[in-house]
Amino acid sequence: GSASCSRPEGARRASMRALALLALAAGASVASAVAFSMDHAVSTIYDRSPKLRLRGDWGAVDEHTIHLKFYPNLIEDKNYLLTKQDDNVLVLKLLLGHRWAELANSPPPVSLMLTSVKMDGVNDGDELLQAPMQVASIIPTPDIKSSTNIIYMTATSILTINGTGFDATTKNVKLLFDPPRIKELDYDVARVKSGQIALALRPGQVWRDEPGPLYVRGIDTGGGVIKVGGDDGVLVAEVQADLDAHGVSVDDNPTNLIYQDMPDLVINGEGFNPDASKNKLRFANGLLGAGVNFTVTAASSNMLRLKLSAGSVWRKKNKNLPGNLVLLAVDSGAGYVAVGPTNAKKGRTVARVYARPTVSSSTENLYRTHSHKLHIFGRGFPTDHAIDIEFDPPLVRGVDYDLTVVSDSELEVELRDGRAWRPDSGPLRVMAVTTIGALGRIPLGTGVHVADIVDDVESDETGGISVTPTQQKVYQSALHETITIQGRGFKTGMKLTLDPPITAGTDYDMEVMGDAIKLTLRAGRSWRSEPGALYVKSVAVGGQTHSFANGGGIRVATVLQDPVVTPGDSTLHESQSKALVIRGQGFTDGMSTTLKLTPTPGTSYKISLVLEDTIRVLLQEAETWLPSYMTVEEGDRVPVRVTGVDTGAGLVQLAGEGVVVGYVVPDREGVVCDDSCEFAFDSVCDDQTSVMDENWGWGFDDDYGGYYDDYYYQKGYYDDYYLDDKYAVSACLPGTDCTDCGGVDAIDAEPEETCANSCAYARDGICDDPRGGNYCSLGTDCQDCGPVGESNFTYFEDDGWWDDDDQEWDMTDDDLFKTQADGYEAHRHRRDTPPPPPPGAGVVFLTVLQGMVYTVGAVIAVVGAWFGYRWYKGYSIPFLAVFSPDNQLEMESGALPTRHAITPDVVRT
């Protein structure tokens, strides 16, 4: 194989070459008087798995009369013992200290080939096997190394487990923890490389429900779950309660707009260290603190103030701006704490960073009222936020002009009807500009000269005719059939020259009505072939032609593209489907666009996104696609039609009953389309139910224009200071971003592929789709599994298949195994019941104190119960006799002390 061949592919080719050689050695065919066959199942086993089973027609012969040969070579009674389980199953037991294959010099998996089957007294002892066949795929036996590393319940985002028997070619890794942790719910396997597995904690989950040791009891790398570390397992971490300093949270603040070189940045949240020097921050773009890129200059428990270092910027590449500044983790004295779904590189947005805008000078000449557009060039003009420009003389946006961002280096300023660039002729200057609001105002000194304003051409120079600039909006041909031109001095018989050129009597009819001209579009004609402005360039009257605005023309209308809706067949489940995508042309923006759907009531939906060719409609909370008086029966469907659309020039009623864009069908019973993901309805699948590409991870990232797990985000994290650590997982739990990941019908949907070999492990002799190893999507390992619905392989499903194995090896009957083997689907309910917040150090102290109180109380209760029992049985109660009245009386009536005569010559004591 070539140097670029993967290890599994190289092993497969080596196995095929070995098979061909063995087939030649065995001869073209073997004549046999006895019908003998074997199942063509290929077991994946570890090199030290205790047993290998072979299914075939072994019959009633004694096991000692059966003789097998293998490649690589295995010798009976030296490498293994052979026993018969029944007439259909042989059991090969590996002898202590031996392996099924030596893997040191052969990249796994290694194919174990059965090359010969002979039985004494059967077929004269001749060969029974028609051709060599693969009976097993051998992979290394995995093991886990013990570790006493301390991790925190939620503050530690990555747990690294070291061991042997796995590397980057390992298809899948399953770990059995004690206490149980569920893959895809509590954690994801972020990376497997030689001798190391990196686990990423999922957002909102914990490594343990309470502090204590975390053990791995079993591991499966493809050959089944095996025990590690005996019955107790292998300690992989000591989980401690999050410290008080781990209780850090950061406020999402995408409305905090800053320029990339602004010196100060304020971050709000909770749990910061009041000592500014004790706070460390980890940004998604790799900004470094301690004076490298910034310094934390002031701090309180809920605020950090950052100072940008000289020569640094918050984000470097202008072409990627505006962009979010994302904070991933904060260390306030006890180690870094994730402040968002860090392993998906989402984090918390603490600011939106803009390039500092600049304005270039220009000497363009504009007529005071007749010129309607001014183009301003420069840099740093964003499309996602309003730009404010201060002119001299002053002009007010929305009153005197409208502004459109053409690109990040060009602005189009359009004069409104009845307004002027200046009260008189003279220069027009830009005195200040801001793209982030008043706090970002950038003064431009004495101003930047952007145009010379000249007086309009007087009507006496145009035959006494003047045209008033207007920006009335019309569609190319739909709805609006007339354009009214206002002005003075219009005369019957005058002719207009329009730009783009259209001809009176062919494209339109013209009628002069005093100080107005009415243009009526003819059937089948359009005002413009492309959307844009319509100008009156000149007028011909009395045998003379007069140009307007020195030939530049005067705008009399803005022509919008005719809106067109394309038919669609989207399936909308009555209440479960949350989004409808409508395709077409001529759509403008969310502010100007409205739709009329039928039979869906207008109060049941909202427009969430408008692009030139797409409108995205979202169903309102607790609403359905059908009105309350309508239902849809099983097997039926109700069409949803667009009957009207308005993109800014009025509502266009679509022909007939409208355009069908989807069909409403009944809800799917027992199916929930969960959109609880923090990033739901952003048109990007964030819950890993999309295919994880080998190079691009969990797909395109909506916020940053790149891919999860991509070293070089096109508009994201890695354009600045450092590369990714590659520990990437999806931002949300599986199944929580339903609408963005395909909707209701993508849940347990039929596979798109029925016979493809796009699986990364295709053609390796082992079925790797869900019918086998479940490493690839259904239908993508066709050569090994067969087409969907026509499987051509045997899959062992015997509950007792391993029941007699050494319990030090197998653990399939362990309750711990059963709990975690159920997998994510069996624990979906935990998604909606997040774990309680982990205890801090103070909580742990109170818990211990509470336990001491309970212990003392329990002791008192037991002693009290013992006293009660003795009292009930009539027994004496120790220690209480002194309180008995009878005993007191007896003491008082007892013998008195002996009295002695008092004499002066005797001393007594």
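Reader: Which residue in E7 is the bridge partner of Leu114?
Author: The bridge partner of Leu114 in E7 is Met133. Please note that this is a predicted model, in which local features need pLDDT of at least 70, side-chain atom pairs count only at pLDDT 80 or more, and totals for chains, interfaces and linings use all residues. Residues are numbered from 1 along each chain as its sequence is written, and side-chain values use heavy atoms, with hydrogens and water left out.

Reader: In what sense do E6 and E7 pair, and over how many bridges?
Author: Strand E6 (residues 110-119) and strand E7 (residues 133-139) are antiparallel, with five bridges. Strands here are DSSP runs (E, at least two residues), numbered from the N terminus, and two of them pair if DSSP finds at least two bridges between them.

Reader: In what order do the four strands of that open sheet lie?
Author: The order is E1-E7-E6-E3, with mixed pairing. Strand E1 (43-46) and strand E3 (66-71) are at the edges with a single partner strand each, so one side of each has no neighbour in the sheet. On average, neighbouring strands of this sheet are turned by 35° against each other, direction ignored; the axes are lines fitted to C-alpha atoms, and angles run from 0 to 180 degrees between N-to-C directions.

Reader: Changing topic: how many residues has the largest nonpolar core?
Author: It has 53 residues, and those with the most contacts inside it include Ile267, Phe283 and Trp314. A nonpolar core is a set of buried Ala, Val, Leu, Ile, Met, Phe, Trp, Tyr and Cys residues joined through side-chain atoms within 4.5 Å. Buried means under 20% relative accessible area (1.4 Å probe, protein chains only).

Reader: Which strand gives the most to this core?
Author: Strand E33 (residues 442-454) does, with five residues. A second, separate core has 30 residues, among them Ile45, Leu103, Leu112 and Val122.

Reader: And E49, how many of its residues are buried?
Author: Seven of the nine residues in strand E49 (residues 638-646) are buried, which leaves the strand mostly covered.

Reader: What pairs with it?
Author: Strand E46 (residues 594-598) runs antiparallel to E49 and is joined to it by five bridges, with Leu595 opposite Val645. Strand E51 (residues 659-665) is also antiparallel to E49, over five bridges, and there Val642 stands opposite Val659. E50 (residues 651-653) pairs with E49 in the antiparallel sense over three bridges.

Reader: How many residues lie between E49 and E50 in their hairpin?
Author: There are four, and Gly648 in the turn has a positive phi of about 135°. Within this pair, Gly644 stands opposite Gln653 in E50.

How values were computed: Buried means under 20% relative accessible area, exposed over 50%, partly exposed in between (1.4 Å probe, protein chains only).
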